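Hi everyone, thanks for coming. Please bring up the model on your screens, and let's walk through it together.

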Amino acid sequence: RILESALFPFPLEMSTTTTQRCSFLSGCCSTSSRSSAFTTASTREKKKKKKIKCVIIPGFLRGHESYREMREHVETVLKEFRNSLEEESNLDVLDVSVAKIERDWWIPVTFRGESLRKILDAIEDAVAFRPAKESDDDDDEEETRIILIGHSAGGWIARLFLGGKSIKYDGKLYEGYKAKTVAALVTLGTPHNSAEAYPFGRVKEVRTREKSSINGGDDDEETSLQETRRLYPNCFHSGMKYVTVQGTGFKGRPFKFTDFISSISNTTTTKTTDWKTLFEEIKHGISYKTDCQDASADGDSVTCVSSGLGLGPEAIEVAIEGVKHEKDDIYPWYGSLDVVRTWMRPVLEMLF
């Protein structure tokens, strides 16, 4: 118990309507929930052998090579969790991998409006799912649980991959939800509700569109994210668990020339008007303006809180203060070991 407390200094009791708030600035976490849905390992009954397979999905303008650290830390936390359980739990770590998405694949998507087919296919290959069959026996000796972990845009693209409406995307039907073993989706700083208000506009997507009247479809200007929200809103699959993780504590600021004049003057040395701090806040503000159209919003330096925690009350929300969107020399990011411990533990407690 002492070891468990040292490794996981945050609450074990949570629920599917939980909001967990942690701070890497003050070193504490707090949780508010409506009703407890988890139990500690000591109260679990012995079940058939279970294996975990985690698939990390890279974010916008990132390739699989950028997630080596996150992959290693997820694996470490899985092993720590397994070791904290009783021996009869029969839990084994099967695999932690990153979908083989290349950074260059985002270029034609961004500048030529190409579809996300290659990215979706890479997720499909990484999951290598087996569709559920009526003949599947619940008494199998082994049971594999797949956890999808989507960073940034990878989170909402995972929702598109899961599908569920028998509607093709650019000519191909993606039905990841049919995988018997996909148990949870974790999104890290994902702009679920992004306004996509890019400063220089956006290129129209060039892809085959299947006509659909679902929730006002048939819009040739509809983006892939908008289509995902329309077809698969919020926690769409009731049989899956959704965990939205969002860094906080990095305020944005609208650009004002007078602020720069004030920051370089010698009349003040306060942090709020320091030109380096001002520059960072303006950068955050540009991203937030694109995402939630509020340059003064709070977030992880890229994604606004309102967007990152935007999957409705059925999702478990984990807000972590002082965590940045990308890897940083000063602040931790979603792939840092202690941060992975913070957001991974609720997922494991929920599933096992």
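Let me begin with a definition: helices (H or I, at least four residues) and strands (E, at least two) are DSSP runs, numbered from the N terminus. With that in hand, look at helix 4, which is followed by A128, a residue with a positive phi near 45 degrees.

Now a word on what you are looking at. This is a predicted model, in which local features need pLDDT of at least 70 and side-chain atom pairs count only at pLDDT 80 or more, while totals for chains, interfaces and linings use all residues. Residues are numbered from 1 along each chain as its sequence is written, and side-chain values use heavy atoms, with hydrogens and water left out.

Let's take the overview. The protein chain has 10 helices and 8 strands. How much of the chain is buried? Buried means under 20% relative accessible area, exposed means over 50%, and partly exposed is in between (1.4 Å probe, protein chains only). Of the 352 residues, 48% count as buried. The accessible surface of the chain comes to about 17,000 Å², and 50% of that belongs to carbon and sulfur atoms; these areas come from the Shrake-Rupley method with a 1.4 Å probe, and for residues only the protein chains shown count as cover.

A contact means heavy atoms within 4.5 Å. Among contacts between residues at least 6 apart in sequence, 74% join residues at least 24 apart.

Back to helix 4 for a moment, which covers residues 117–127. Its buried residues are I119, L120, A122, I123, E124, A126 and V127.

Next, the strands. Two strands pair if DSSP finds at least two bridges between them. Strand 7 pairs with strand 6 in the parallel sense over 5 bridges. Strand 7 also pairs with strand 8, residues 316–321, again in the parallel sense, over 6 bridges. If you want to find these pairings on screen, L188 stands opposite V245 in strand 7, and G247 has I320 in strand 8 as its bridge partner. Why is strand 7 described as largely enclosed by the rest of the structure? Because 7 of its 8 residues are buried. Here is a general point to keep in mind: in a regular strand the side chains alternate between the two faces of the sheet.

Now for the cysteines. A disulfide is a pair of cysteine sulfur atoms within 2.5 Å. How many does a search of the whole structure find? The search finds 1 disulfide. C292 and C304 form it, with their sulfur atoms 2.3 Å apart. The link of C292 and C304 is left-handed, with -65 degrees about the S-S bond. The two cysteines are 12 residues apart: C292 sits in helix 8 (residues 275–292), and C304 in the loop between helix 8 and helix 9 (305–308). Are they buried or exposed? C292 counts as partly exposed at 24% relative accessibility, whereas C304 counts as buried at 1%. Two other cysteines to click on are C54, buried with a relative accessible area of 0%, and C235, buried with 10%.

Last topic: charges. Side chains of opposite charge can pair when their charged atoms come close. We call it a salt bridge when a side-chain nitrogen of Lys or Arg is within 4 Å of a carboxyl oxygen of Asp or Glu. By this rule the count comes to 18 salt bridges.

Let me show you some of them. K204 and E221 meet in a salt bridge at 3.7 Å, N to O. Both lie in the loop between strand 6 (182–188) and helix 6 (224–231), 17 residues apart. K204 is partly exposed, with a relative accessible area of 43%, and E221 counts as partly exposed at 43%.

Another one joins E281 and R253, where the closest N and O atoms are 2.7 Å apart. E281 lies in helix 8 and R253 in the loop between strand 7 (241–248) and helix 7 (257–264), so this pair ties together parts that are 28 residues apart in sequence. E281 counts as buried at 18% relative accessibility, while R253 counts as partly exposed at 21%.

Finally, K324 forms a salt bridge with D328, with the closest N and O atoms 3.6 Å apart. K324 counts as buried at 11% relative accessibility, and D328 is partly exposed at 28%. K324 and D328 also belong to a network of salt bridges that includes E280 and K283.
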